[in-house]
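Here is a walk through one protein chain, meant to be read with the model open beside you.

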Amino acid sequence: MVTVAVLSESIAAQIRENPDEMQNIHIVWSGNDPAALKRTSVHPQVVIIDLEHLGGNPEAELDVLHRQLGCQLSIVTFSFARREIIHRLSSERTRVLRVPIHLRSLRLSMLSLLIKDVFHKPELGAAGDTAPAPAAASTEG
């Protein structure tokens with residue numbers, strides 16, 4: 001399960017209306033106030049945030065969010081923005097997407113984390129318990 005904090009009323013509303021589109025994604029926080037998110041104890045893997053919530057220095061604000069929350073990915077949404085801002089924000093840890101956006105596209109932006117989540121789950125035994133580690137080979141002979 002990938003954990004997400006959402007600072008975008010339009011995205012939060014879409015998710016509430018279409019929860020099946022966001023399988024394996026758990027919203028741990030939703031609101032419109034970045035300061036309130038910073039005051040919480042949640043540590044989402046992904047933060048989805050409207051560009052307007054990042055203020056006059058969006059790069060610095062994103063850096064603060066990444067440090068304080070420990071998120072692995074941020075997705076910045078925008079309606080209108082200058083190309084240089086979009087270019088400066090885009091990085092390995094930040095995707096910049098124009099709204100309106102379909103939830104499938106949003107989910108695709110988190111695909112690497114979703115895949116990582118699937119492959120890092122412990123193996124389950126027949127009873128649903130975590131499978132025991134294989135026994136060490138004996139060197140006695």
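A salt bridge here is a side-chain nitrogen of Lys or Arg within 4 Å of a carboxyl oxygen of Asp or Glu. Keep that in mind for later, when we get to the charged pairs. Before that, some ground rules: this is a predicted model, in which local features need pLDDT of at least 70 and side-chain atom pairs count only at pLDDT 80 or more, while totals for chains, interfaces and linings use all residues. Residues are numbered from 1 along each chain as its sequence is written, and side-chain values use heavy atoms, with hydrogens and water left out.

Let's begin with the overall layout. The chain has 6 helices and 5 strands, where helices (H or I, at least four residues) and strands (E, at least two) are DSSP runs numbered from the N terminus. Read from the N terminus, the elements go β-α-β-α-β-α-β-α-β-α-α. Of the 141 residues in the chain, 40% are buried; buried means under 20% relative accessible area, exposed means over 50%, and partly exposed is in between (1.4 Å probe, protein chains only). Take contacts (heavy atoms within 4.5 Å) between residues at least 6 apart in sequence: 60% of them join residues at least 24 apart. The accessible surface is about 8,900 Å², with 53% of that belonging to carbon and sulfur atoms; such areas come from the Shrake-Rupley method with a 1.4 Å probe, and for residues only the protein chains shown count as cover.

For two strands to count as paired, DSSP has to find at least two bridges between them. Strands of a sheet pair through backbone hydrogen bonds, either parallel or antiparallel.

Follow strand 3 (residues 46-50) and you will meet partners on two sides. It runs parallel to strand 4 (residues 73-78), with 5 bridges joining the two, and Val-46 sits opposite Leu-73 in strand 4. Strand 1 also runs parallel to strand 3, through 4 bridges, and here Val-6 has Ile-48 of strand 3 as its bridge partner. How many residues of strand 3 are buried? The count is 5 of the 5, so strand 3 is largely enclosed by the rest of the structure. In a regular strand the side chains alternate between the two faces of the sheet. In strand 3 both faces are covered, with Val-46, Ile-48 and Asp-50 buried on one side and Val-47 and Ile-49 buried on the other.

What about the helices that cover the sheet? Look at strands 3 and 4 again: 5 bridges join them.

Is Glu-61 buried or exposed? Its relative accessible area is 18%, so Glu-61 is buried. Leaving out residues up to four places away in sequence, Glu-61 touches Pro-34, Lys-38 and Leu-54.

Back to the charged pairs. Side chains of opposite charge can pair when their charged atoms come close. The whole structure has 5 salt bridges. One of them links the side chains of Glu-59 and Arg-88 at 2.2 Å, N to O. Glu-59 is in helix 3 and Arg-88 in helix 4 (residues 83-89), so this pair ties together parts that are 29 residues apart in sequence. Arg-88 is partly exposed, at 44% relative accessibility. Another salt bridge joins Arg-16 to Glu-9 at 2.8 Å, N to O; Arg-16 is exposed at 53%, whereas Glu-9 is partly exposed at 38%.
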